[in-house]
Amino acid sequence: MPVRSSTAPDGDTDQAAGVPLWPVAMRLLRLMHRNRKMMWAAVICGTGSAILSLSPYLAAAFALIALVEPVIDWSWVLWIGLFGVLGVIGEKTLFGLSTYMSHLVAFATQRDLRFELAGKLERVPLGYTDAHSKGEIRNTMVDEIEVLEDGMAHLVPEVSAAVIAPIISLAIMVVIDWRLAILMILPMAIGLWMMGRMMKGAEGPTRDYMDIQARMATTSAEMADGIATVRAFNQDAQASQRASDIFTEMRVLSDAWLDRAIIPGTSAQVLLTSHLMLLGSVGLLMTAAGWVELGVFAAFLAVAYGFGDLFAAIQGITHRLFRQHELLERLDALRLAEELPQDTKPVAMADASITLENVAFSYGPREVLHSVSFHVPAGRCLALVGPSGSGKSTVARLIGRFQDVSRGSVRIGGQDVRELAPEELHRHIAYVFQDVFLFNGTVAENIRLGRADASDAEIEAAARAARAHDFIVALPQGYDTPLGEKGLGLSGGERQRISIARAMLKDAPILLLDEATAFADPENEALIQDAVADLAQGRTVVVIAHRLHTIANADEIAVLDDGQIVERGSHADLIAQGGLFARMWQAYEHAQAFRHTTEADPGPGPRTEAAE
Amino acid sequence: MKLLTFIWQYMPPKRSQYLSALGLTVLEGVLTATPPLAVGLGLMQLAQGNTALIDVAPYAAACFLAVVLRIWVIGRAWKLGYGAGNHASEMVRNRIVEHMRKVPLGVLSGRWAPARLAALITEDGRWINESSSFYLVRFLNGVVATTAFLFFAAWFEPVAALGIVLAMSGGLCVMAIAKPIISRFIKYRNEQIAEATLRIGEYADGIAVFRAFGRSGDAQKKFREAVNDMHESNVAITPILTPLSQAGAALISFAGPLVIVLVAVLHMQGVYSADPLTMIPALFLTLAAATTFLVAVLKTLLPLELGSRAEVNINGFLSSPELAGTRTDFSDDLSLRFEDVGFRYADDKPDAISDVSFTTEPGKVTAIVGPSGAGKSTLISLLLRFHDRSAGRIELGGLDTMDADPGAIQSVVSLVSQDVHLFRDTLRANLLLGDPDADEARLAEVIEAAQLSELVDLLPNGLDTMLGDTGRTLSGGERQRVAIARALLKDAPVIVLDEATSAMDPITERAIQQAIAALEDGRTVIVIAHRLRTVMDADEIIVMDQGRIAARGTHDDLLARDPLYARLWAAQEKAAGWRLR
């Protein structure tokens, strides 16, 4: 029986076999190290509880001995019963205490781990969140640490109970009569041996079964994701047939697994739980033959019941430890992530100029920027343009040191960004990116992110400059309206303006601007543009542009293609060069002239021109 | 029980097989009870003294043979029971998929989002399987064995049975009383945790931004508060929750000692004298009953409850209404008519749109414009029956869409929006979704028209390159063009376009426009436009505002007489002339 319960639900017993469990347990214990006193107290209580858990069986054993005596001492029997009751009370109390304490340890460890990871997130490169989605980090910080509770809070008392009690009862039984002990153990040993053999024979079907489970999960997810699309094309019959085929295959393989892995295992299962098989039958005969005393035999039987289902318990624990192992691995991925080297000697920036010199950057083995150099003098504006994936955003992120360059250098005011304290660097740069993060808090608090000590008047001034004041006062509670996950949802254009207000308030000499790629409605867009124009006044600006006309007046335009600057110059220069920018500009003009119509080819220009 | 009825529904051809499995399980339960009983009887025999080997031989044999027989029975029972369970789960899963094809598509983006449905099929489906076969069988076995122990214990010594019943009913009572209290505490704790989780998650989401503003200190402080709050509520509730949840099972362990105490007290008080001889098997059976009850009955209650929960989840989905309508006889002109149409997403929500009336004509372009949240997309979702309207009438080709077969509507209308779902399959298979029977020549033609030739040439295996997370991922612009190619293959006479709101580089944008132009050619077009310029030449422009039609007409009309349109247009023109410096 335990085989089914421990493999089928999560289907990873065969993997579990490959994981050394002792190290997992050790890692869990190490995590709890800071609270080791209480943890050991939990272990001691757990052990005590395990010992006392034998009391009903011992009580029954003594009672049976007393009852087969020719003259029964009833008050002795009463004492035995009362001791049994007391023992059980003690067992439950100690078990409760042990569980309670191990929970306290678990909770404290969870708290420490969360603090540790939060500290870690302060030190990894800002770009860590690029490679690891927010969902992933949130999942680690919130859910995965939550599941560790099982490992820490339950395994300690339960392992003590499941392992210690049977060992003690076995020892008692050997002392009572070693022959009977062998008789009791024998069917279990045979069951264990059969189980081992069967597991080998069942490897194939088990693997097939695990495979089909994984495949069914994938197919179901795909089916659910795609159902709207296939229905739009009336291909849902085909898709559901595919799902149905998998379900059938699932049944067939599950039946096969049943035949070859589960059914043969049942004999072993029965043997593992049949301690009476030989003990009962042979024991009766031995007692009748006078080889064993009746009282001894009866007492032995009672204690044998306390041996319990050791193997089931161990299997269950093995399985759960394996799950903990997976969690620990994932936690370690974050705990051991590489940190941004920090060199915090105070250095002064000469001005707000930006210089990139032969900058290269790689994501893993893939180099996405190769030898990019440019210089933006203080107060000037550089526009980055290029097809998607050409490396524009990466350049902006390297300036803000979201990542460190793999070659070359990024300098601000003549100082390499790697030599600046991160706070110092961030104080000089304001970002307006497309993806606006609003946290739980009021509108005012969200804007105040730009500068902690800003007064209400300053916040309103920033909001006015960001063209956000009007919509904010129209909100139910004006500047005190809660935003964020539990608060009010704002439209994309409104969020953009909040982020501009933050940047206004921050008043940094350098502005990194990722022009919104999503079209807000025209009125929102006009407001955003006005706000951005004000924000850009007098600052050094690096802008990632998608709508080419907006940067016609930029001091310099750098055209990126495949991680390299392929052209640079003013708008007029680049048009005159007739290269990539000129082609983009032409496509851009044509795109502006596009009209929806049901008549043939509406657009100016030959149809294939853009596909070059 | 509801769980059993539910499974029974999906069992038909295997019902007798399942019943035999249950029958064998009852037998197995009896066999489980046999060895302790036989040993008990044997002990009794021995206690009478002067026992010959032959006297206990039957008991010894029964004890041994019951195990042998049980090995045989359990194999049969499991094979039959699991086989039937596997069958039922397959049927349940098929039923879920069948239902997915028939509910309004709007349902699939709301409460029954893809991830939830996938979990329903795999996770809940698995619980149905587990509980219908393994846990139910095991539970039955436990109940039978426990009852047998109890019965024989009562037969040997009523006081023993009394002790067992006291311990068990005490345990069950405590569990019943504790259950609502526990769930109240758990609910309270979950609320606390959810609240703290939100705050912790926010830190994880926003850390990059906080750091970029040099404000990670504040964020860290709030984070620590949240973590501390969570810790405190955990610590406050555990001391109550732990004993409460263990108390019920704990009482069972008292059965053995309790029986001993009862017998002794009754004897010493002279109320009742138990026969020491029958006490031997009775005490023995008491231990067996307590252990079996704990392991096979109480411990299977939780998984069975999970099975019931899965049943509730699955039934919740299966009971959501399916789309009705079977007619397919659209008239040839396929004009679309909205008549006083109103819609709300839920009864307690305000109207998303109301009193919307307009008509489109074949071969013409109708544009829908307006600020975000005006109800533009809702109109489209009603036309395609992602939701069914709450008021008014929508006619397509002379048929009320509510009477029309939802599939038939899909086959005359193509929706092209910026949400493009690609399957983990080859590019070819993804395109052929539009028309599985298209030949190579047609495919090549469509690829050309949808401006995909360049992409196909670049892909390592051309059309046979795998897409999706294991294969090549396509950019937004490429996905758009795949969607257009599918629509070209599908060749429906009505095109509904939801213009992409995300800007791409100009070359990509231009390519998409050319693909769209090819698609629009000669068809009826309804377009939700974000850039007013692109619909300047539309035959009719419908201006939506706050769920209603604010104005309609041609571009020149509207510019002249509708202030909202004029304002939007002016804003757009201003934006178009904007320079960063």
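In what order do the four strands of the open sheet in chain A run? The order is β2-β1-β4-β5, with antiparallel pairing; strands pair if DSSP finds at least two bridges between them. This is a predicted model, in which local features need pLDDT of at least 70, side-chain atom pairs count only at pLDDT 80 or more, and totals for chains, interfaces and linings use all residues. Residues are numbered from 1 along each chain as its sequence is written, while chains are lettered from A and ligands numbered from 1 in the order in which they are written.

**Sheet of chain A**
- Strands (E, at least two residues) and helices (H or I, at least four) are DSSP runs, numbered from the N terminus.
- β2 (366–376) and β5 (415–416) of chain A are the edge strands, each pairing on one side only.
- Seven bridges join β1 (residues 354–363) of chain A to β2(A) in the antiparallel sense.
- A:Leu356 has A:Phe374 in β2(A) as its bridge partner.

**Contact between chains A and B**
- In chain A, 150 residues are in contact with 158 residues of chain B, contact being C-beta atoms, placed from the backbone, within 7 Å.
- Helix α6 (residues 74–123) of chain A gives the most to the side of chain A that touches chain B, with 23 residues.

**Around A:Leu64**
- Beyond its neighbours within four places in sequence, A:Leu64 is in contact with A:Gly295, A:Ala298, A:Ala299, A:Ala302, B:Ile280 and B:Leu283.

**Domains of chain B**
- Chain B is divided into domain 1 (1–156 + 300–322), domain 2 (158–274) and domain 3 (336–576), with bounds from an automatic or database domain assignment.
- The centres of domain 2 and domain 3 of chain B, taken over C-alpha atoms, are 54 Å apart.

Methods. Two residues are in contact if their C-beta atoms, placed from the backbone, lie within 7 Å.
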